[in-house]
Amino acid sequence: MTYKGFTYSPEIELEDDNRKIYHEILFNGKRVEAPYWFQNISPYTYPTDEEFQRAVDEIYFENWVENG
């Protein structure tokens, strides 16, 4: 998934009997701090497009407030 230049890049950890997904967001190839709720989406499912877009919008908003 890509939105406003941000990319969803899941990291998958394989174990003997299952796999866990760590939800990461990248900008220009570098990891950015995703909102807490996004990082805590179930490690057994992928986020929806809407969830990813909401997370990116929150990152944008926080950056705008902090950096004008």
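The following is a conversation about how the terms used for this predicted model apply to its residues.

Colleague: What should I know about the model before reading any values?

Modeller: This is a predicted model, in which local features need pLDDT of at least 70, side-chain atom pairs count only at pLDDT 80 or more, and totals for chains, interfaces and linings use all residues. Residues are numbered from 1 along each chain as its sequence is written, and side-chain values use heavy atoms, with hydrogens and water left out.

Colleague: Which elements does the protein chain have, and in what order do they run?

Modeller: The protein chain has two helices and six strands, in the order β-β-β-β-β-β-α-α from the N terminus. Helices (H or I, at least four residues) and strands (E, at least two) are DSSP runs, numbered from the N terminus.

Colleague: Why is H23 called buried?

Modeller: Buried means under 20% relative accessible area, exposed means over 50%, and partly exposed is in between (1.4 Å probe, protein chains only). H23 has 4% relative accessibility, so H23 counts as buried. The residue lies in the loop between β4 (19-22) and β5 (25-27). Across the protein chain, buried residues make up 24% of the 68 residues.

Colleague: What makes the pairing of the H23 and Y8 side chains a polar contact?

Modeller: A polar contact is a pair of N or O atoms within 3.5 Å; within protein, one must be able to donate a hydrogen and the other to accept it, and residues adjacent in sequence count only if both atoms are side-chain atoms. The side chains of H23 and Y8 make such a contact at 2.7 Å. The H23 side chain also reaches the backbone oxygen of I41, at 3.2 Å. Contact in the wider sense means heavy atoms within 4.5 Å. Leaving out residues up to four places away in sequence, H23 touches several residues, including F38, P43 and Y46.

Colleague: What makes a set of residues a nonpolar core, and which residues form the largest one?

Modeller: A nonpolar core is a set of buried Ala, Val, Leu, Ile, Met, Phe, Trp, Tyr and Cys residues joined through side-chain atoms within 4.5 Å. The largest here has 12 residues: F6, Y8, I21, I25, V32, A34, F38, I41, F52, A55, V56 and I59. The elements giving two or more residues to this core are β2 (6-8) and α2 (49-67), and α2 supplies the largest share, four residues. In soluble globular proteins, nonpolar side chains tend to be buried together. Beyond its neighbours within four places in sequence, A34 is in contact with I25, Q39 and I59.

Colleague: Why is E58 called partly exposed?

Modeller: E58 has 24% relative accessibility, so E58 counts as partly exposed. This residue is found in helix α2. Apart from neighbours within four places in sequence, E58 is in contact with P35 and W37.

Colleague: How are K4 and N28 classed by accessibility?

Modeller: K4 has a relative accessible area of 40%, so K4 is partly exposed. N28 has 68% relative accessibility, so N28 counts as exposed.
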